Amino acid sequence: GTSVGDLFALDKGETVRLLVPAAPNSGDQPPPVMMVTAQGIMKRISVDELTGTSAGRPAIKLKPGDTIIAAFPAPDGAEVLAVASNAQAMRCEVASVGVQGRGAAGVAGMKLSDGATVVGAGLAGSDAVVLTVSDAQTAKVTDAAEIPTKGRATAGVRITRFRSEKRLEWAYVGPEQGLLVVVGTEESP
């Protein structure tokens, strides 16, 4: 593979979260893209507006210290599931997050307790799972269907009980089929 930094001109601190193709010539519009931030903000933006954004211009107005954790196509009729570092998981309808322009800051997506951040998010489709990894390097897989739909701007439900763990470090939400996990350490990435 090639380093993503060699393919795209990235500024210091920038990370690629999603590659978005332009709308096809057939006239069919792809679904809006959902962005979920570490502070629990959610925003949907149309692909036309996103691909029409000039280089160096933001697609979301972030609060200081906030960052985008996940970005994915999010059509009406689907549900989004966000996972927080305190092991809470919140599921809501995608349509509860309206499509906004590039200058908008988004809406309250997940209510977070003090010190908690969103560590992963994705669509909660019929084949979706939630894979979480803790600070103690323990992992758990949960069927996304086990997480009830609560609505936007709620804290959701507890997804795992901590024993020696103190927080979730990372979460994947999406289909289990074709999932490949590559594990490394700081000493041996």
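Ser 134 lies in strand β8, residues 128-134; strands (E, at least two residues) and helices (H or I, at least four) are DSSP runs numbered from the N terminus. This is a predicted model, in which local features need pLDDT of at least 70 and side-chain atom pairs count only at pLDDT 80 or more, while totals for chains, interfaces and linings use all residues. Residues are numbered from 1 along each chain as its sequence is written, and side-chain values use heavy atoms, leaving out hydrogens and water.

**Ser 134**
- Ser 134 is buried, at a relative accessible area of 2% (buried is under 20%, exposed over 50%, partly exposed in between; 1.4 Å probe, protein chains only).
- Ser 134 touches Glu 165, Arg 167, Leu 168 and Glu 169, leaving aside residues up to four places away in sequence (contact: heavy atoms within 4.5 Å).

**The sheet**
- Three strands form an open sheet in the order β9-β8-β11, with antiparallel pairing (two strands pair if DSSP finds at least two bridges between them).
- Its edge strands, β9 (139-143) and β11 (168-175), each pair on one side only.
- β8 and β11 pair over 7 bridges, and Val 133 stands opposite Trp 170 in β11.

**Salt bridges**
- The count is 4 salt bridges (a side-chain nitrogen of Lys or Arg within 4 Å of a carboxyl oxygen of Asp or Glu).
- Asp 76 and Arg 44 form one of them, with the closest N and O atoms 2.8 Å apart.
- Asp 76 is exposed at 54% relative accessible area, whereas Arg 44 is buried at 3%.
- Glu 79 and Arg 91 meet in another at 2.5 Å, N to O.
- Glu 79 lies in β4 and Arg 91 in β5, so this pair ties together parts 12 residues apart in sequence.
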